[in-house]
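Thanks, everyone. Please have the structure open on your screens while I talk.

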Amino acid sequence: MNDFVKDIWYFAGVSGDVKTGKLIRTEIAGEPITLGRKQDGSVFALRDVCPHWAAPLSAGRIVGDTVECPYHGWRFGTETGQCTAIPALTSDSDIDPGKIKVRHFPVREDGQLIWVWMASDKGAAMPDVEPPSIPFAATKPVIDDILMLNCPMDQAVIGLLDPAHGPYVHQNSWWRTQNSMHDKEKLFEPRHLGFAMARHTPSSNSFAYKILGGKPETEITFYLPGARTEEIKVGKRTILSLTVVSPVTKETSSIRQLFFTDMLKFKALLPIARAGALKFLKQDQAIMNLQEQNKNHDPKRMYVGDADAQARWYFAMKKEWAASRAEGRGFVHPVKAQTLKYRS
Ligand SMILES: [Fe+2]
């Protein structure tokens with residue numbers, strides 16, 4: 001538990017986070033990263049630590065195809081991380097800047113989503129899988145909230161996947177209560193580095209769905225390392241929520257929730273929808289942080305019954321992904337298509 005998944009794409013932000021000509025700082029899986037967007041519109045990522053005196057490159061500036069450190073003006077190529085200039089050297093110096101590198105991370109911008117490849121090998125290992133293809137994330141998000149969690153990523157991910165805490169953690173009269181708990185049977189199927197709760201009509205106790213009108217259908221998909229989408233379709237219209245848990249350090253993580261939609265009715269309801277979604281997110285944050293009170297008391301966990309199956313799958317996929325990479329073989333998906341039965 002609590003080791004980072006490597007050789008995989010991590011969600012690093014949305015397009016609007018990285019403005020043209022600007023650098024921002026983020027931290028993913030213990031690595032400080034600066035993301036920048038060049039004049040040609042492309043996004044790049046470098047380790048946000050100058051190899052000279054460790055100043056954050058994000059406080060510097062973009063000059064053409066390089067990033068310039070704010071401290072001594074060293075420049076690093078945005079595509080390789082290779083040093084191209086050390087201004088303090090005289091012209092007769094025999095020091096070769098090209099031998100100095102800052103770590104470079106491959107980046108993909110797909111629709112509105114930015115992904116950074118975190119390789120297990122800090123060398124030049126290039127991505128050999130594609131980032132998750134998230135349909136419907138090509139327009140600007142209409143809701144965007146982020147909360148910090150005082151807990152490791154694993155704890156947050158299994159909380160995100162947990163179907164059984166709703167009636168307790170999210171006891172809201174307009175959503176669901178313990179009295180509305182009932183037996184559920186949901187069909188799950190494996191997906192590329194993830195799994196999905198197959199498209200279905202959501203349970204009738206979900207009052208929030210009722211206000212959307214029509215007959216909603218929903219599909220919930222999880223993608224390793226920590227993204228979950230819920231795609232709600234009502235007629236030809238879609239609401240897509242994307243919730244991503246990201247590891248910041250070994251001990252802390254963040255949870256970001258984005259909504260995309262082409263449904264005018266939902267756009268009209270945005271202030272209410274956002275308040276509701278944020279309330280949910282804060283309830284999850286509260287229980288996840290609360291669990292940390294016992295982090296030094298050897299909290300053994302049990303993964304019991306079908307309600308905890310998705311947590312088991314998450315750990316099994318992490319383990320198998322790491323093993324398949326280490327052994328240089330294909331990923332053998334540990335999840336088989338099946339129906340889970342639980343009460344919530
Ligand atoms: Fe929750």
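Aspartate 144 is partly exposed, at 32% relative accessibility. The cut-offs: buried means under 20% relative accessible area, exposed means over 50%, and partly exposed is in between, with a 1.4 Å probe and protein chains only. This is a predicted model, so local features need pLDDT of at least 70 and side-chain atom pairs count only at pLDDT 80 or more, while totals for chains, interfaces and linings use all residues. Residues are numbered from 1 along each chain as its sequence is written, and side-chain values use heavy atoms, with hydrogens and water left out.

Back to aspartate 144. Its side chain meets that of arginine 256 in a salt bridge, 2.8 Å from N to O. The pair links distant parts of the chain. Arginine 256 sits in strand S18, residues 253-261, and aspartate 144 in strand S12, residues 143-149. They are 112 residues apart. Helices (H or I, at least four residues) and strands (E, at least two) are DSSP runs, numbered from the N terminus. A salt bridge here is a side-chain nitrogen of Lys or Arg within 4 Å of a carboxyl oxygen of Asp or Glu.

Is arginine 256 buried or exposed? Arginine 256 counts as buried because its relative accessibility is 11%.

Arginine 256 also forms a salt bridge with aspartate 17. There the closest N and O atoms are 2.9 Å apart.

Now the domains. The protein chain is divided into domain 1, 8-118, and domain 2, 143-343. Those bounds come from an automatic or database domain assignment. The C-alpha centres of the two domains lie 33 Å apart.

How many residues of each domain are in contact? For domain 1 it is 14, and for domain 2 it is 15. Contact means heavy atoms within 4.5 Å. The size of an interface is often given as the accessible area lost when the parts come together. Between domain 1 and domain 2 the buried area is about 1,100 Å². Carbon and sulfur atoms give 71% of that. Buried area is the accessible area (1.4 Å probe) that two parts lose on being put together, summed over both.

What about polar links? Across this interface the rule finds one salt bridge. It also finds three residue pairs in polar contact, both residues at pLDDT 80 or more. A polar contact is a pair of N or O atoms within 3.5 Å; within protein, one must be able to donate a hydrogen and the other to accept it, and residues adjacent in sequence count only if both atoms are side-chain atoms.

Which strands supply the domain 1 side? Strands S1 (8-14), S2 (23-28) and S11 (113-118) each supply at least two residues. S1 gives the most, with six. By type, the domain 1 side has nine nonpolar, three polar and two charged residues. Ala, Val, Leu, Ile, Met, Phe, Trp, Tyr, Cys and Pro count as nonpolar, Asp, Glu, Lys and Arg as charged, and the others, Gly among them, as polar.

Next, glutamine 112. It lies in the loop between strand S10 (107-110) and S11. Glutamine 112 counts as buried because its relative accessible area is 13%. Leaving aside neighbours within four places in sequence, its contacts include Gly13, Val14, Lys140 and Phe260.

On to helix H1, residues 153-161. Nine of its nine residues are buried. Methionine 153 belongs to this helix. Its relative accessible area is 8%, so methionine 153 is buried. Not counting residues up to four places away in sequence, methionine 153 touches Pro225, Gly226, Val245, Ser246, Pro247, Ser253 and Tyr314. Methionine 153 and tryptophan 9 are 144 residues apart in sequence, and 15 Å apart in space, C-alpha to C-alpha.

Last topic, the other salt bridges. The count by this rule comes to 25. Side chains of opposite charge can pair when their charged atoms come close. Take glutamate 231 and arginine 199: their closest N and O atoms are 2.8 Å apart. Glutamate 231 is in strand S16 (residues 227-234) and arginine 199 in strand S14 (residues 194-200), 32 residues apart. Glutamate 231 is buried at 10% relative accessibility, and arginine 199 is partly exposed at 34%.

Arginine 329 and glutamate 320 also pair, at 2.7 Å, N to O. Arginine 329 is partly exposed at 33%; glutamate 320 is buried at 13%. Finally, salt bridges that share partners join Glu189, Arg191, Arg199, Glu219 and Glu231 into one network.
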